Amino acid sequence: MIKILLVGLWVCALTLGGVYAAVSFSGKPGENAEAKAETPSEYVAGEILSLPVVTDNAVTGYFLAKVSVTVDSEKAKKVHVPIAPYITDQLFGLLVGDKLINLPTAGSFDVAGLKTKVKDGINGQVGEELVTGVIVEQLDFLSKADLNSGDPKRRSSTIKIAEGEKPPAAKAAGASH
């Protein structure tokens, strides 16, 4: 009987010691509240774009692109212009105007560089750090020859430039299944 009582007291002492250590090492209550009080992000879906690739004054194919962004919710309330047109403008400028993608070496494309340029470009146009992240959901190339071909097998020869990412809502939904 005494052994059971001593074991019970020993378990209680260990439990209380563990709880005390956890509370002591967790830091000040204000520090955790500040860490959790980060500015919430808001998902802004981009449109699916078909961007022409012009070579020698002729359209040789099309980029299919869908890029979305996450924005600072507080700053987004102050901006009275939709964000999606800014995304479209940046993609046209980078993919068509600056010819950021060299099709023969498309497999070594720098997706992180594209994301940074889109983010910096939109933030530069808006005039503040509005965009917090860029999500490349689709970035493919279809040649005009493949599109004009009557052969369905040839049409499926899309060059996948970047693997798509899932938007935040789709990531959460995919995790629950």
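How many bridges join β1 to β3, and in which sense do the two strands run? In this predicted model, local features require pLDDT of at least 70 and side-chain atom pairs count only at pLDDT 80 or more, while totals for chains, interfaces and linings use all residues. Residues are numbered from 1 along each chain as its sequence is written, and side-chain values use heavy atoms, without hydrogens and water.

β1 and β3 run antiparallel and are joined by four bridges. Strands (E, at least two residues) and helices (H or I, at least four) are DSSP runs numbered from the N terminus, and two strands are taken to pair if DSSP finds at least two bridges between them. Valine 44 stands opposite valine 69 of β3. β3 also runs antiparallel to β4, with eleven bridges joining the two; here leucine 64 is placed opposite aspartate 140 of β4.

The pairing of β2 with β3 is likewise antiparallel and extends over eight bridges. Threonine 55 has alanine 58 in β3 as its bridge partner. The hairpin of β2 and β3 has two residues between the strands, and aspartate 56 in this hairpin adopts a positive phi near 55 degrees. Asparagine 57, in the loop between β2 and β3, also has a positive phi, of about 60 degrees, although it is not a glycine. Most residues other than glycine have a negative phi. With a relative accessible area of 80%, asparagine 57 is exposed; the classes are buried under 20%, exposed over 50% and partly exposed in between, computed with a 1.4 Å probe on protein chains only.

Helix α4 comprises 14 residues (84-97), which at 1.5 Å a residue should span 20 Å; the end C-alpha atoms are 19 Å apart, in agreement with this value. The expected span is 1.5 Å times one less than the number of residues. The buried residues of α4 are Ala84, Tyr86, Ile87, Thr88, Gln90, Leu91, Leu94 and Leu95. Their cover includes β1 (41-44), β2 (48-55), β3 (58-72), α5 (111-126) and β4 (131-143), contact being defined as heavy atoms within 4.5 Å. Lysine 99, which follows α4, has a positive phi near 50 degrees.

Isoleucine 2 belongs to helix α1 (residues 2-25) and counts as exposed because its relative accessibility is 64%. Together with Leu5, Leu6 and Leu9, Ile2 makes a nonpolar surface patch of about 450 Å².

Technical notes:
Patch = residues over 30% accessible without salt bridge, like charges linked within 9 Å, V, L, I, M, F, W, Y side chains within 5 Å. Areas by Shrake-Rupley, 256 points an atom, 1.4 Å probe, with all protein chains shown as cover. Salt bridge = Lys/Arg side-chain N within 4 Å of Asp/Glu carboxyl O.
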